[in-house]
Structure formats: structure tokens, C-alpha cells
Amino acid sequence: MSIVTPVPPPTVPGAAVEVPRGPAARQVPGPLLFLARSLRTLWSNGKARIGLVILGIDILVAILAPLLAPHSPTATYQSPSATNWFGTTGNGQDVFSQMIYGARISLLVGIIAGAVATLVAVTIGLIAGYRPGIIDEVLSFITNLALVIPGLPLMFILAAYLKSRSVWTIVLVVAFTSWATGARVIRSQATTLRAREFVTSAQFSGERLFRVVFREILPNMTSLVAGSFFAAATAAVMAEASLEFLGLGDPNTVSWGTILYYAQQQNALLTNQWLMVFAPGLAIALLALPFTLVNFGVDALSNPRLREKA
């Protein structure tokens with residue numbers, strides 16, 4: 001008895017090819033596939049592309065700071081030389097090297113504080129929007145209270161009275177004072193989405209609260225969550241520079257804010273050391289700019305009309 005091996009039909013040019021299903025179709029994990037598509041969509045947007053390039057340069061400068069900086073940021077020199085491109089501070093420290101190393105602190109504070117503030121905003125906003133009643137009233141009261149209190153004065157008070165003035169203290173202070181606006185926006189969108197059919201189906205199927213909130217509602221709010229993160233990150237970069245400039249941070253930390261602080265203390269403009277003021281101010285602006293530009297591309301992830309115009 002002979003065994004007949006089935007021969008696959010010949011492939012006709014132009015014919016539809018059946019997509020394999022099962023294990024072969026699951027070679028690429030879902031989160032990685034979503035990340036790849038998101039990056040491709042962001043790169044197709046002109047403004048987001050510029051923002052990604054600038055942000056990538058900032059990250060490379062922060063990572064390669066020991067290789068790019070000509071001097072140690074804390075080393076002192078008796079007199080400026082030709083290698084001190086931006087001059088030296090009143091203590092004899094190289095300003096250009098401090099500019100390069102300062103990118104690390106600003107990126108660290110911006111990304112971590114933005115992520116913490118966004119995490120708090122997403123958690124409170126989603127739960128408040130999904131669970132009307134006493135839970136929504138309590139969380140909305142806390143959010144409204146945080147919105148009424150002026151954020152900038154509260155930030156200064158917390159930073160001034162806390163014993164520790166490290167970078168992590170600034171991260172916590174900035175995150176604590178910048179989550180309320182994102183939580184309010186996310187709650188409004190979650191209130192609208194909770195009445196949709198796919199959410200109702202998940203509820204009738206017996207899904208738990210956190211699974212419905214974070215698996216059904218959250219994926220439909222990608223642009224809002226990303227927008228909340230970039231807004232919080234931009235505010236964190238500006239807040240860190242402001243606190244350091246006012247002397248409420250760690251004066252031994254090398255950051256763009258501390259450069260501005262020492263420039264003020266040493267009357268840099270009166271002594272014609274304008275680069276000590278101009279260079280860190282421009283660097284802060286160039287770090288806040290890509291966050292805003294990338295946010296335009298994030299809107300295209302959930303808005304096909306904006307994707308077509310890009």
C-alpha cells in the first residue's frame with residue numbers, strides 16, 4: 001500500500017496567499033508588534049520625526065557624556081584655556097563639560113517624573129471614570145483639590161522644607177504636583193468609553209475590574225496617555241531647572257539648572273559670560289521641544305485623519 005503525499009497547489013502570481021494561523025502566526029509577540037507599528041507611525045509624521053531625532057541626540061549625548069566631555073565637570077582650573085570652549089565658572093569648572101553631563105540629570109528627571117505622574121494619572125483617572133458613585137466622587141474630589149492648589153508654589157514649598165535635596169526628591173516633588181490634569185482628562189474619556197459595547201461584553205463575561213479597565217479601556221486611550229506623559233515630562237524638565245536655579249536643589253549636582261544658578265550668583269552677564277546663561281537655556285528648550293513634537297505623532301496613532309494629513 002503506497003502512501004500518497006499531498007502536493008501543495010502551485011502559487012499563481014497575483015493570487016491571494018493564505019495567512020498562516022496557529023503557532024506560525026505568533027512568532028512576533030503582540031507588544032513588540034504594537035511597538036513596531038507605533039514607531040513606524042510616529043516616523044511617518046514629519047514633526048514627530050524631527051522630535052525623535054532631537055530626542056535621540058539628547059539621549060546619545062547623555063549616554064556618551066564621559067566620551068564627549070573634554071574635561072571632568074567638577075574639576076577646577078586656575079585659568080581658562082583654549083580647551084574651555086564655553087569658558088569656566090567662578091570656581092574654575094568647565095562650562096561645556098557641565099553642559100554635556102547636565103543632559104543626564106534633565107533626561108532622568110523628565111522621563112522618570114513624567115512616567116510616575118502619568119502612572120498616577122492613568123490609575124486614578126481610569127478607576128474614577130469606570131466606577132461611578134462613591135469611588136468616583138472620592139477620587140474626583142482628590143483630583144479637584146490637586147488642581148485647585150497652585151502647583152508651582154507647592155513645588156517650591158515642598159522642595160524648600162524637605163531635608164533631602166537630591167535628584168530623587170525633585171522627581172517625587174514634580175510627580176506629586178503634575179498628575180492631576182492628566183487624571184481629569186483620562187477620567188472624562190473613561191466615562192465615555194465605559195458605555196461602549198465591548199466594555200459591556202467584557203463585564204457580562206465576568207471580567208474583573210482591573211482587567212476591564214487596563215485591557216479594554218486603556219488601549220483606546222493611547223494618545224491621551226502619551227500626551228499626558230510628554231506634557232508631564234516637559235513640565236518636569238522645566239521644574240527641575242527652576243528648582244535648581246532658585247537654589248532649592250542639590251548645588252553639588254551637575255545640571256543645566258545649577259549652571260544657571262551659579263551664573264546668577266557670579267553675575268555672568270555683567271562679566272560678559274553670556275554663554276553660561278544662553279547655553280543651558282537653549283539646551284532646556286531643545287529638550288522640551290522634541291517632547292512636544294513627538295506628541296503630534298502620537299495623536300496620529302489614534303486619529304486616522306491626522307495620519308492622512310501628515
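A salt bridge here is a side-chain nitrogen of Lys or Arg within 4 Å of a carboxyl oxygen of Asp or Glu. With that rule, a search of the whole structure, which is a predicted model, finds 1 salt bridge. Local features are taken at pLDDT of at least 70 and side-chain atom pairs only at pLDDT 80 or more, while totals for chains, interfaces and linings use all residues. Residues are numbered from 1 along each chain as its sequence is written, and side-chain values use heavy atoms, with hydrogens and water left out.

**View 1. The salt bridge between Arg187 and Asp136.** The side chains of these two residues, Arg187 and Asp136, meet at 2.9 Å, N to O. Arg187 sits in helix α8 (residues 180–193) and Asp136 in helix α5 (residues 134–148), so the pair ties together parts that are 51 residues apart in sequence. Helices (H or I, at least four residues) and strands (E, at least two) are DSSP runs, numbered from the N terminus. Asp136 is buried, at a relative accessible area of 10%; buried means under 20% relative accessible area, exposed over 50% and partly exposed in between, with a 1.4 Å probe and protein chains only. As background, side chains of opposite charge can pair when their charged atoms come close.

**View 2. Thr258 and Thr253.** Look for Thr258 in helix α12 (residues 256–265) and for Thr253 in the loop between α11 and α12. A polar atom of the Thr258 side chain lies 3.1 Å from the backbone oxygen of Thr253. Is Thr258 buried or exposed? Thr258 counts as buried, at 4% relative accessibility, and Thr253 is buried too, with a relative accessible area of 12%. Contact means heavy atoms within 4.5 Å. Leaving aside neighbours within four places in sequence, Thr258 is in contact with Glu244, Asp250 and Thr253.

**View 3. Helix α11 and its aromatic residues.** Helix α11 (residues 222–245) has 24 residues and reaches 35 Å from its first C-alpha to its last. That span is close to the 34 Å expected at 1.5 Å a residue, where the expectation is 1.5 Å times one less than the number of residues. Just after α11, Gly247 takes a positive phi of about 80°. The whole structure holds 4 aromatic pairs. One of them, Phe229 with Phe230, is edge-to-face, at 5.2 Å centre to centre and 65° between the planes. Rings of Phe, Tyr and Trp (its six-membered ring) pair if their centres lie within 6.5 Å; planes under 30 degrees apart count as stacked, over 60 as edge-to-face and the rest as tilted. Phe230 is buried, at 12% relative accessibility. Phe229, Phe230 and Phe291 form one aromatic cluster.

**View 4. Gly92 in its loop.** Gly92 is found between α3 (65–68) and α4 (95–130). Gly92 is buried, with a relative accessible area of 5%. Gly92 and Ala75 are 17 residues apart in sequence and 7.7 Å apart in space, C-alpha to C-alpha.

View 5. The mean pLDDT, the predictor's confidence in each residue from 0 to 100, is 77, and 82% of residues reach 70 or more.

How values were computed
Polar contact = N/O pair within 3.5 Å; in protein donor to acceptor, adjacent residues only side chain to side chain.
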